[in-house]
Amino acid sequence: MKESAKAGISFGCALALVISYVNWHSIIWAIFHGVLSWFYVIYYVIVYGLN
């Protein structure tokens with residue numbers, strides 16, 4: 001169970017980093033959004049949808 005949670009957190013961080021870098025083309029923003037991880041992923045889905 002703990003390993004699944006860690007994998008989910010790691011996946012959320014990686015996903016936030018990729019989405020952020022693709023949108024903003026900035027390493028600084030990618031790191032910031034990676035720290036926020038799942039909050040940024042949820043924000044992105046709510047604001048931009050899954051087009």
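Guide: Contact means heavy atoms within 4.5 Å. This is a predicted model, in which local features need pLDDT of at least 70, side-chain atom pairs count only at pLDDT 80 or more, and totals for chains, interfaces and linings use all residues. Residues are numbered from 1 along each chain as its sequence is written, and side-chain values use heavy atoms, with hydrogens and water left out.

Visitor: Which pattern does the chain follow when read along the sequence?
Guide: Helices are DSSP runs of H or I with at least four residues, strands are runs of E with at least two, and both are numbered from the N terminus. The chain has three helices and zero strands. Read in sequence order, these elements give the pattern α-α-α.

Visitor: Which residues does Ser37 contact, leaving aside its neighbours within four places in sequence?
Guide: Ser37 is found in the loop between α2 and α3, where its C-alpha atom is separated by 4.3 Å from that of Cys13, although the two residues are 24 apart along the chain. With neighbours within four places in sequence set aside, the contacts of Ser37 are with Gly12, Cys13 and Ala16.

Visitor: Is Ser37 buried or exposed?
Guide: Here buried means under 20% relative accessible area, exposed means over 50%, and partly exposed lies in between, using a 1.4 Å probe and protein chains only. The relative accessible area of Ser37 is 13%, and therefore this residue counts as buried.

Visitor: Which residues of α2 are buried, and why are they on the same side of α2?
Guide: The arc is taken from the directions that lead from the helix axis to the C-beta atoms. In α2, the buried residues are Ala30, His33 and Gly34. They are on the same side of α2 because they cover an arc around the axis of only 105 degrees.

Visitor: Which residues are exposed on the other side of α2?
Guide: The buried residues of α2 are Ala30, His33 and Gly34. On the other side of this helix, the exposed residues are Ile28 and Val35.

Visitor: Which residues does His33 touch, not counting those up to four places away in sequence?
Guide: His33 is a residue of helix α2, and it counts as buried because its relative accessibility is 7%. Once residues up to four places away in sequence are not counted, His33 touches Ala16, Ser20, Trp24 and Tyr40.

Visitor: What is the phi of His25, which is not a glycine?
Guide: His25 has its place in the loop between α1 (2–24) and α2 (27–36), and it is exposed because its relative accessible area is 60%. A polar atom of its side chain lies 3.3 Å from the backbone oxygen of Val22. Most residues other than glycine have a negative phi. The phi of His25, however, is positive, at about 55 degrees.

Methods
A polar contact is a pair of N or O atoms within 3.5 Å; within protein, one must be able to donate a hydrogen and the other to accept it, and residues adjacent in sequence count only if both atoms are side-chain atoms.
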